[in-house]
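This note is written for a colleague who meets the structure for the first time. The points below may be read with the sequence and the model side by side.

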Amino acid sequence: FLLGVILPFIIYWYSSRKYRYWRDRGVKYAEPLSFFESFFTNSQKPIQEVQFERYNQLGRIYGLFDATFAVGQPALTVGDPELLRDIMVKDFHFFPNRRDLGFRDDSLFNSMLILLRDEDWKRVRSVVSPAFSTGKIKRVLSIFKESSKTLLQNLKMAVQRGDYIEIKKLYGAFAMDVIASAAFSTKIDSHNNSENKFVTEARKIIRTSQGRFSGLFQILPNSIKRYAFKLAFRKFKFFIDTVLQIISERKTTGKAKNDFLQLLIDAATETSKDEEMEEESVDIAANYGDDCLQHNIFKTTSNKRLSTNELVAQSLVFFLAGYHSTTTTLSLVTYLLALNSDVQERAYHEIKDVLKETKGELTYESMHKMKAIDNIISETLRLYPPFPTIERIAVADYELGNTGIKIPKGMTIEIPVYSMNRDPENFSDPERFDPDRFSPDQRTEQIPYSYLPFGAGPRNCIAMRFALMELKVCIIHVLSAFKITPKTKDPLKFLNSRNFLTTEDIFVKMEMRQDCPLKE
């Protein structure tokens, strides 16, 4: 009985003491919510809207208390571009890791680049980076083009039916086709072959990864996490077996293909010797700052080999990260172009003029001349970054610039990408869709480290060039063949996802162009 009386007071005292952390240090902070209050808030609003409200109320730097991952632990939001340069680049050695999911074993999941930490991350990143150089990615251009042509056939059938087109569904099929070809050497038309084994197994994983309750996983006891991982592992078994079989066949036969998996295999064997990264005078990633592919930290890595598990794991993360971001971004590009027909027509005429020079052949060089498409993609990613928040973990005590704030070892730093992109101090008239803000003359006025759709520094998105080329090839094909009419079925609505910025279904109308400049 006595314990029953005292225990609530002990819990209250401990919680109150912990939640005084930021107040005692004189730092503005978001009031802590109970687990259930937090869950209710996040289930009612998309995470980017919750964070944007805090950003507007509290400013660029504020404390908060984790309510879903490390419950109740103090964390710090930093949205000041100058301080982010220090965190992500200059003082990267203080913040080299992402969040620890709290589950450690030697499974494939922990071999994924996005989950690796410290020296393991540095080694795998240094081995895999050459696979994402501009020269290497040119080798998979044909995969993007073939998958885009399949998309055009499916769009044509949808247009002929005369009704609104569920565009997110079709772009999801395109993304899956690219992943199947590039990472698993499997050519499919997933939109029309819904019973294909690859498609059915992939959709099981997609439904799980985009589930509303996926963020709650982090607060579960380790015993339940282990069981959950075993269930998840079963869903990946088909893809793991597929990759292992392909690797074995290619080693046995000596035959290679121009796909992402081959780039990984080559990288794992080639980097025993130092490989120079190709330098391009014009880069598809020019709108996104220095991507640090050749950062000095990678030059200190002596062991440059991948285990089979690590090689397979990168194909899996390619699937998990690539499907969602590609599908969402293409859908939002289409939606925004439907509402901005002047921007759409300018892009179409640029495509037409460039392709006239190549007699309708889309080449890597001709793509470089299509700057309007680059700017449309950049502006879409500014308004709707697929990952509204980036996280870093302090591995040692750190003093944050001249703020007087001391970040202790182990604290999570949240970088509010979505909120920064809508800050009028970073971008004038931030709610307006204006691709011209990424034209060369205006881009020079952009505040460094205020625009981070792919992160920055050594731990930025390694697949940035791959993603940008995939998006660009697809958009060029769609705008060449179709005019997106200014008719959308519903206003844009976002799902209440904890991890991603993702929309409900998007419906648009299109018309066939009579003068498609692409060679059939």
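1. A polar contact is a pair of N or O atoms within 3.5 Å; within protein, one atom must be able to donate a hydrogen and the other to accept it, and residues adjacent in sequence count only if both atoms are side-chain atoms. By that rule, the side chains of Asp 91 and Tyr 398 are joined by a polar contact of 2.7 Å. Asp 91 is found in the loop between α5 (81-90) and α6 (118-128). Helices (H or I, at least four residues) and strands (E, at least two) are DSSP runs, numbered from the N terminus. Asp 91 counts as buried at 12% relative accessibility, where buried means under 20% relative accessible area, exposed over 50% and partly exposed in between (1.4 Å probe, protein chains only). Leaving aside residues up to four places away in sequence, Asp 91 touches Asp 86 and Tyr 398, contact meaning heavy atoms within 4.5 Å.

2. On the basis of the values: the model is predicted, so that local features need pLDDT of at least 70 and side-chain atom pairs count only at pLDDT 80 or more, while totals for chains, interfaces and linings use all residues. Residues are numbered from 1 along each chain as its sequence is written, and side-chain values use heavy atoms, with hydrogens and water left out.

3. Of its 520 residues, 55% count as buried. Among contacts in the chain with a separation of 6 or more, 78% are accounted for by residues 24 or more positions apart.

4. Two further pairs illustrate such separations along the chain. Gly 401 lies in the loop between β5 (398-400) and β6 (405-407) and is partly exposed, with a relative accessible area of 29%. Gly 401 and Leu 84 are 317 residues apart in sequence, yet their C-alpha atoms are 10.0 Å apart in space. Ser 126, in helix α6, counts as buried at 9% relative accessibility.

5. Two packed helices are described by the angle between their axes and the distance between the axes. Helix α9 (residues 167-184) and helix α13 (residues 308-339) pack at an angle of about 150 degrees, with axes 8 Å apart. Axes are lines fitted to C-alpha atoms, for helices over the stretch in contact, and angles run from 0 to 180 degrees between N-to-C directions. The two helices are therefore roughly antiparallel; angles under 35 degrees count as roughly parallel, over 145 as roughly antiparallel, 65 to 115 as roughly perpendicular and the rest as oblique. α9 passes α13 in a right-handed crossing; a crossing is right-handed if the near helix is turned clockwise from the far one by less than a right angle, and left-handed if anticlockwise. Residues that meet include Tyr 171, Phe 174 and Ile 179 in α9 and Phe 318, Phe 319 and Leu 330 in α13. By class, this contact of α9 with α13 has 14 nonpolar, seven polar and one charged residues. Ala, Val, Leu, Ile, Met, Phe, Trp, Tyr, Cys and Pro count as nonpolar, Asp, Glu, Lys and Arg as charged, and the others, Gly among them, as polar.

6. Which residues of α16 meet α19? They are Ile 373, Asp 374 and Ile 377, which meet Leu 468, Leu 471, Lys 472, Ile 475, Ile 476 and Leu 479 in α19. The residues of this contact divide into seven nonpolar, no polar and two charged. The axes of α16 and helix α19 (residues 464-481) come within 10 Å and cross at roughly 115 degrees, and the crossing is right-handed.

7. Helix α16 (residues 371-383) also holds Glu 379. Is Glu 379 buried or exposed? Glu 379 is buried, with a relative accessible area of 0%. Its side chain makes a polar contact of 3.1 Å with the side chain of Arg 437. Beyond residues up to four places away in sequence, Glu 379 touches Arg 432, Phe 433, Asp 434, Pro 435, Arg 437 and Phe 438.

8. Backbone angles deserve a final remark. Most residues other than glycine have a negative phi. Lys 359 has a positive phi, near 55 degrees; Lys 359 lies in the loop between α14 (341-357) and α15 (364-368) and counts as exposed at 75% relative accessibility.
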